[in-house]
Amino acid sequence: MSSLKWIPTLAAALVASASLAGEGIFPPVEQLNTICADTSHLGLCEATRVSFKTDYEAARRGDYPAQRNVAFCLYDGCDGAVLRKPVESCAWRMVIQGSKAAKEPTERESYRNACSRLSNADRKQSLARAEAMFGAIYQAQLPLETLLAD
């Protein structure tokens, strides 16, 4: 029995390394937020920045509604609080398509909208990002067939 004392330590080390592995894949939220420059909407912008940070952390843990919110803000800019990053938005939409979460009826269209406007080179970059993100979140390969299904 005493020879198994190392198992909790090993398990803790594996969990720590798995969470650290995802750290390099996701840019810090500070690199995605903007400086709220429009003083007429400063309160709304600041509140959206806080909300985005919360959603970003939850999205990285696999929370579907948070993933939708992050993908939308990276596409739209959300009240000027988030930098528009179409490649990242598309990557999040791909992650959502690959997840087993019950999806909103509009999710497939949101995926198409986010990704169809990108160049082929940007779509390839989004796919590479999505594969890395999906692996970090779900410890599995992104099921590519979900991106092709209609």
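Axes are lines fitted to C-alpha atoms, for helices over the stretch in contact, with angles from 0 to 180 degrees between N-to-C directions.

Some ground rules. This is a predicted model, so local features need pLDDT of at least 70 and side-chain atom pairs count only at pLDDT 80 or more, while totals for chains, interfaces and linings use all residues. Residues are numbered from 1 along each chain as its sequence is written, and side-chain values use heavy atoms, with hydrogens and water left out.

Now confidence. pLDDT is the predictor's confidence in each residue, from 0 to 100. The protein chain averages 85, and 83% of the residues score at least 70. Where does pLDDT stay under 50? Over residues 1–21. For that stretch the model has 0 contacts beyond four places in sequence. A contact means heavy atoms within 4.5 Å.

The overall fold. The protein chain has 7 helices and 0 strands. Its pattern along the sequence is α-α-α-α-α-α-α. Helices (H or I, at least four residues) and strands (E, at least two) are DSSP runs, numbered from the N terminus. There are 150 residues, of which 37% count as buried. Buried means under 20% relative accessible area, exposed over 50%, partly exposed in between (1.4 Å probe, protein chains only). Of the contacts with a separation of 6 or more, 64% join residues 24 or more positions apart.

Back to helix 4 and helix 5. Their crossing is left-handed. In a left-handed crossing the near helix is turned anticlockwise from the far one by less than a right angle; clockwise is right-handed. Helix 4 brings Pro86, Ser89, Cys90, Arg93, Met94, Ile96 and Gln97 to this contact. Helix 5 brings Glu107, Arg108, Ser110, Tyr111, Ala114 and Cys115. By class, that gives 7 nonpolar, 3 polar and 3 charged residues. The classes: Ala, Val, Leu, Ile, Met, Phe, Trp, Tyr, Cys and Pro are nonpolar, Asp, Glu, Lys and Arg are charged, and the others, Gly among them, are polar.

The loop between these two helices holds lysine 103. Lysine 103 is partly exposed, at 31% relative accessibility. Beyond its neighbours within four places in sequence, lysine 103 is in contact with Tyr64, Ile96 and Gln97. Its C-alpha atom is 9.6 Å from that of arginine 68, 35 residues apart along the chain.

Next, helix 3 and helix 4. Helix 3 is residues 64–76, helix 4 is residues 86–98. How do they cross? At roughly 155°, with axes that come within 7 Å. They are therefore roughly antiparallel. This crossing is left-handed. On the helix 3 side, the contact includes Tyr64, Arg68, Phe72 and Tyr75. On the helix 4 side, Trp92, Arg93 and Ile96 are among them. The contact divides into 10 nonpolar, 2 polar and 3 charged residues.

Helix 3 also holds proline 65. Proline 65 is partly exposed, at 47%. Its C-alpha atom is 8.2 Å from that of aspartate 55.

Last, asparagine 33, in the loop between helix 1 (6–23) and helix 2 (42–60). Buried or exposed? Buried, at 12% relative accessibility. Leaving aside neighbours within four places, asparagine 33 is in contact with Arg49, Phe52, Ala81, Val82 and Leu83.

Conventions: Parallel < 35°, antiparallel > 145°, perpendicular 65-115°, else oblique.
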